[in-house]
Amino acid sequence: MSNPTAKEQDHQQSEEQLRLLQTITMEVAAASDLTSALEIVLREVCEKTGWVLGQAWVPNPDTGVLDFVAGWYCGDGELKPFRALSQESHFKSGLGLPGRVWKSEQSAWVEDVTNAPNFPRSAAARMAGLKTGVGIPILSRGKVIAVLEFFMRESREQSERLLKVITAVAGQLDLLKRATRAEAAAREQQFLTLANSISQLAWMADGEGSIFWYSDRWYDYTGTTLEEMQGWGWQKVHHPDEVARVVERIKVAFATGEPWEDTFPLRSKTGEYRWFLSRALPITNEEGRVVRWFGTNTDITEQRELEKALRASRDELEQRITDHTAELSRINEILRSILSNMGDGVIVADKDNNFLVFNPAAERMFGKGAVQVPSTEWSHRYGLYLADKTTPFPHDQLPLTRSIRGEEVDNVEMFVRHEKASHGLWTEITGRPLRGANGDVLGGVIVCRDITELKEEEFFRTGQSRVLEMIAADAPLPDVLTSLVLLMEGQAEGLRCSILLLNRDGKHVRHGAAPNLPETYVKAVNGAPIGPRNGSCGTAMYRRRPVVVSDVMKDPLWADYRELAKICGLRACWSTPILSAQGDVLGSFAMYREENRGPLPEETRLTQIATHIAGIAIERQRQQEILREREARISLAAESADLAFWILYPEQNTAWMSEKGRLIYGFDSNLPLTCDLILSRVHPDERADVKAAYDRACALSGTFESEHRLRLPYGKTRWVIMRGRCLKDEEGNLLETIGVTLDVSAQKQADLQLQHQREEMAHRNRVSLMGEMTASFAHELNQPLTAIANNASAARRFIERGNIDPTLLQQLLQDMVADSQRAGEVIRGIRSLVRKETSVHTLLDLNAVITETVRLVSTDVLSRESVVTTELDPQLPQVKATLVQIQQVLLNLIINALDAMESLPPAERRIIISTRSDKGDVAEVSVRDFGTGLPKEKPDKVFDHFFSTKQKGMGMGLAIVRSIIEAHGGTIVAENASDRGARMIVRLPAVRGQTQTIAAA
């Protein structure tokens, strides 16, 4: 029999639900009260729709909660505790499933009540094995009069059809509640609506069998009307060959009141006949008399055709089964042959760990066949190990054990070693559980694939990577070559290898690596020449191509080494030259065998790999030797020039420095250097400026220079000049910074001594000036002192006379204070000019300095019957300089100008002091006289030491002036004016960004 189609299942469910509605409608109509009706609904819904438990709740008007009033459940003892808990429970509005339905007046479907957040009885439901729950409100005149809830054991998604049927059933209770004729009519209409919604052709007849109603689907299919079909008019659409039989049988059903069922063809409105399954159920009243019939016609045309086809195929299937039985026997033989001949091992065991299949490949792989021992002994019995090759494989993690537990196992690697495979082998295992038709695990099966070659290749590649890492880490070349030779020898039994290096003379070889060749052979070959008949290696390097000697005892290339090879047990040797990327010969790689033969394809592949890696290692070492030689030459050149050479790698924060540099910076020769460590040696006061200059160079110009101090660990300070260049790649990324450092401490010391001498000379010059300006300073002091004496005498006379005017006395005292301050300022000015002090640069307003200096020499100017005028630029920028030294410059220039005009009439003795700004970058001061002028050919000769135009002059004044100006980063020039006289022009660098005025004093 075939399974019903989805369409048939849909028809069947519709009929069952309609019959449920019919039954409940009649029983509810006969119920005496609401509680009885609720019990009927609970019972019928559970029995007909598969719910195992149904319960009813009604609102209690006194307590305002839902009370349990009725229940029905299948005869299962496990449900009793849940029902007892429900009977004791009372639900407020919104609480639990009943309270939630009561509050919302809407149906609620819960797929799993054991995990529902708003279900207080979840623990009891879990113990009872309940899953799905549904709550249905019963409404009457817009108010909930009862709540029904149903439960089942399996989890089910919400079924709109089932929910619709239960809701319709619940609606019958509303009809009972109201019990009016109009409501009964509504119930009838509700029934007809439901009947009209099913997919079958539905009809209803009275107790005598006269049909008075058809569903819309009947009219759609037959194309008829109720007038044509009512009563017994339905015979018009029946097939003539079948109608008589159908009439006779249905009349018997109408007469006996027994349910009726039959199949027959019906004509459609297109004239096509289709087969239908017709069923009819009697509806009785309280006395048991049939008052109505309800029937449905289900289209089974496709089902009949399918059954016909199935009958035909059944016969064919029986024949095939017979044929397949014989075929299966043959297939079993084939499978047995496949298992016996396949390369992968297959092992099958039942759930009790008994081996059922252990094919020959598995026996070869694990050294023996099936041995019935406990699974805890499998690892020991079959030599099963973890990847470390020493730890037995845990028995509970064996792939077959896991498969028997029901797990799926993929690509588990295992090492196997037994007496038949002393070196061991690798296998990759995939396992699956064997399950019965119901899903129960019956055992397990594993498939074992030999991956020894793959693992050996993996280990070989790992070994290559390890050798390459040694090369990258600059490991010693002998260690690298020895590791490479051992790696190659490990790939084949009885293989011995060697690497020889070609000396830089290009004519002789030297030992590279041969860990398993006799020492006598290695010593004999070391230093041998290359040539056309110098063994396999010397000839290969000479010819620049591989040389294969399968019998060293006979080959003429080995004539000079034959006895040595015989003593060492060497019978065959093939050698390949090791070439650089440019094609230069670097050495040779050779393989030796104790039997006479040439290289196998795998050995040729190993040779290619070995020569490639060896070439990388040898070429890298030679490049490093060249770099070391270059570094040594650079270091020698730098140290010869007393320079420290260094390289910074900012990305890695590493650095390199020559030995001279380490000495200058105070670093131990073995101390690893970093960029930060080098920067830490810069004096803290200058470290930020040096770092900023370096960063700017890296970002912009690429070059930088800095003069700064170093603070060494033992407290010493050293002056250096650092110059460097930043190197970048094509994308502008910083690669490294190279540069040199020059120790200028000695030069700095000499500069300091020179500055001290210069300041001493300047001080003597100022003292000399003081001598020349004694009259001016005496006059400057005499005026305030005389005023003080006069005011004091006046005050005394007023006191002696007793004529004390407080206001006048206060004025006299204020004048005395002002005159004393004026005298103090003159004395301070004299002291500052005479005193020895360390030069301290401050921001100066040159206009104010000139004004103060002119005031100091005003007495001298008057005594010499001269005039000094000033033309000062109000926008003159400030300068950074030492006040006393600038005053000394101005005094020298003014006194020299006065001296130059002594021979002139007083009316012509004029000095003009002017200032101006040169684009805000330079402050210029000009001192011009109208005297005899300077030497015409070389006016600047006046700045030379010991040059003087005055008979009593020492020739040091203007020399000191120039040294002071140049120490301030400025210049001074001397020139003759166009008409007569001389002009001294001083230019000092302005301080950028400074606009405030600073007084001279």
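Student: Which residue stands opposite Arg435 in S17?

Tutor: Val441 is the one facing Arg435 there. Keep in mind as we go that this is a predicted model.

Student: Okay, and what makes S16 and S17 a strand pair?

Tutor: Strands pair if there are at least two bridges between them. Strand S16 (residues 421-435) and S17 are joined by nine bridges, so they pass that cut-off of at least two. They run antiparallel. In their hairpin, five residues sit between the strands, and Gly439 takes a positive phi near 90°.

Student: How do you know that S17 also pairs with S12?

Tutor: Again, count the bridges. Strand S12 (residues 345-350) and strand S17 (residues 441-450) share six, in the antiparallel sense. The rule asks for at least two, so S12 and S17 count as paired. Ala349, for instance, stands opposite Gly444 in S17.

Student: What makes S3 and S4 edge strands?

Tutor: Look at the open sheet of six strands, with the order S3-S2-S1-S6-S5-S4 and antiparallel pairing. Strand S3 (90-91) and strand S4 (108-110) each pair on one side only, and that puts them at the edges. As for S3, strand S2 (residues 65-73) pairs with S3 over two bridges, in the antiparallel sense. The cut-off is at least two, so that pair qualifies. Leu66 has Phe91 in S3 as its bridge partner.

Student: Moving to charges, why is the contact of Glu149 with Arg121 called a salt bridge?

Tutor: The closest N and O atoms are 3.0 Å apart. The limit is 4 Å, so the pair counts. By the same rule, the count comes to 44 salt bridges. This one links distant parts of the chain: Glu149 is in strand S6 (residues 143-152) and Arg121 is in the loop between S4 and helix H5 (122-128), 28 residues apart.

Student: Are those two residues buried or exposed?

Tutor: Both Glu149 and Arg121 are buried.

Student: And why is Arg156 with Glu154 called a salt bridge?

Tutor: From N to O, Arg156 and Glu154 are 3.9 Å apart. That is within 4 Å, so the contact counts. Arg156 has a relative accessible area of 29% and Glu154 has 40%.

Student: What about Arg249 and Asp262: buried, exposed or in between?

Tutor: Arg249 is at 37% relative accessibility, so it is partly exposed. Asp262 is at 8%, under the 20% cut-off, so it counts as buried. Their side chains meet in a salt bridge at 3.1 Å, N to O. The two are 13 residues apart, with Arg249 in helix H10 (residues 243-256) and Asp262 in strand S9 (residues 260-267). They also belong to a salt-bridge network with Glu242 and Arg245.

Notes
Residues numbered from 1 in each chain as written. Predicted model: local features only at pLDDT ≥ 70, side-chain atom pairs only at ≥ 80, totals over all residues. Heavy atoms only, no water. Helix = DSSP H or I, 4+ residues; strand = E, 2+ residues; numbered from the N terminus. Buried < 20%, exposed > 50% of the residue type's maximum accessible area, 1.4 Å probe, protein only.
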